[in-house]
Amino acid sequence: MSTDTVTDVFEEHRPVLVGVAYRMLGRVADAEDVVQEAWLRWSGADRSEVREPRGYLVRVTTRLAIDRLRQVKARNEAYVGPWLPEPYVTDFGEMVPDTAERAVLADSVSLAVLVVMESLSPLERAVFVLREAFGYPYAEIASMLDRGEAAVRQLCGRARKHVEERRPRYDVDPVQRRDLTERFLAAAAEGDLQGLMSMLAPDVRLVGDSGGKSKAPLRVIETADKVGRFLVGAARKGVPDMSFRILELNGGPALLLLSGDKPDSVFQLDVVDGRIQSVYVVRNPDKLQSLAA
């Protein structure tokens, strides 16, 4: 296999490898490091014995991600304030033309689901991602992880039950979420507390992630009144040379706030029955670097 062919095969499967690694780790930088290590393994492997490159590469990436996840979990134990995954640009494009498959991939990368998956063991998370997000057969997952198929089924059942019991309910209609995101932006920018309150569910939650490196609530804010007043107060303070963009992050519309040309914050909303149920705010500058472009 020529060098060009080796590279082409890897690049063909790179989106899937990044998708697996990000869902495992919740950080773009960690996912990219894992995929780069997978490339080094692939480029140095005896490829004459590799019958199915995609399966080989997913196997290597998953195992590397499990090792990295154990390191990340130790790091997150000392995290300041609430932890949220790093915002991840999702543009499935022509890679996933089927609407049902696209919905599954978008759901598996949502902030709400990734937060719940943080409490899974590394093996449970790997099995859940491979099975629920990418649809791999149990037998193939067992081969990837050197586990028996019965053990893999048990791991997946336990992980699925855990996620379903703890995941927040939300609507996945992208048109409705984008409409609410635009109205949310307009009301917050104008300091329209009543307008905001009309969009917020009574038991809405605001989760802010700063990692202690910028200003954000160190505890979850709950109820429409408290969340609305916090948002109006934050909007009044503003940031220098402020501008906004709406883009797709983690499978749904999100609001990117910029200070000049530098990302300052990301806001993303979960919607239930036409009202905002959760507001996620990422302000940790380390988690916004991938959005600088």
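**Threonine 90 and its surroundings**

Me: Which residues does threonine 90 touch, not counting residues up to four places away in sequence?
Reply: Threonine 90 touches Val109, Glu248, Leu249, Asn250 and Gly251 under that condition. Contact here means heavy atoms within 4.5 Å. The model is predicted: local features need pLDDT of at least 70 and side-chain atom pairs pLDDT 80 or more, while totals for chains, interfaces and linings use all residues. Residues are numbered from 1 along each chain as its sequence is written, and side-chain values use heavy atoms, leaving out hydrogens and water.

Me: Why is threonine 90 called buried?
Reply: Its relative accessible area is 4%. Buried means under 20%, exposed over 50%, and partly exposed in between (1.4 Å probe, protein chains only). Threonine 90 is therefore classed as buried, although its place is in the loop between helix H3 (53–76) and helix H4 (99–108). Helices (H or I, at least four residues) and strands (E, at least two) are DSSP runs, numbered from the N terminus.

Me: What lies 2.9 Å from a polar atom of the side chain of threonine 90?
Reply: The backbone nitrogen of glycine 251 does. A polar contact is a pair of N or O atoms within 3.5 Å; within protein, one must be able to donate a hydrogen and the other to accept it, and residues adjacent in sequence count only if both atoms are side-chain atoms. Glycine 251 is also among the residues that threonine 90 touches.

**Serine 265 and the aspartates**

Me: What makes serine 265 buried?
Reply: Serine 265, in strand S5, has a relative accessible area of 2% and is therefore classed as buried.

Me: Which side chains make polar contacts with the side chain of serine 265?
Reply: One is the side chain of aspartate 264, at 2.5 Å. The other named partner is the side chain of arginine 283, at 2.9 Å.

Me: Is aspartate 209 buried or exposed?
Reply: Aspartate 209, in strand S1, is buried, because its relative accessible area is 0%. Leaving aside neighbours within four places in sequence, aspartate 209 is in contact with Tyr79, Pro82, Trp83, Leu84, Val281, Val282, Arg283, Asn284 and Lys287. The side chain of aspartate 209 reaches the backbone nitrogen of glycine 211 at 3.4 Å.

Me: Why is aspartate 67 called partly exposed?
Reply: The relative accessible area of aspartate 67 is 43%, so this residue is partly exposed. Aspartate 67 lies in helix H3. Its C-alpha atom is separated by 9.6 Å from that of valine 34, 33 residues apart along the chain.

Me: How do you know that the span of helix H11 is close to the expected one?
Reply: Helix H11 (residues 224–237) has 14 residues and reaches 20 Å from its first C-alpha to its last, close to the 20 Å expected at 1.5 Å a residue. The expected span is 1.5 Å times one less than the number of residues.

Me: Which residues of H11 are buried, and which are exposed on the other side?
Reply: Ala224, Val227, Gly228, Leu231 and Val232 are buried. They cover an arc of only 130° around the axis, so they lie on the same side of H11. The arc is that of the directions from the helix axis to the C-beta atoms. On the other side, Lys226, Arg229, Arg236 and Lys237 are exposed. The cover over the buried residues of H11 includes helix H9 (174–189), helix H10 (193–199) and strand S5 (262–272). Just after H11, glycine 238 takes a positive phi of about 60°.

Me: Which residues of helix H7 are buried?
Reply: In H7 (residues 138–145) they are Tyr138, Ile141, Ala142, Met144 and Leu145. Their arc around the axis is only 160°, which puts them on the same side of H7. Just after H7, aspartate 146 takes a positive phi of about 55°.

**The chain as a whole**

Me: What makes the radius of gyration agree with that of a compact globule?
Reply: With 293 residues, a compact globule would have a radius near 19 Å, and the protein chain has 20 Å, so the values agree. The radius is taken over C-alpha atoms, and the globule rule is 2.2 Å times the number of residues to the power 0.38. The chain has 11 helices and six strands, and buried residues make up 49% of its 293 residues.
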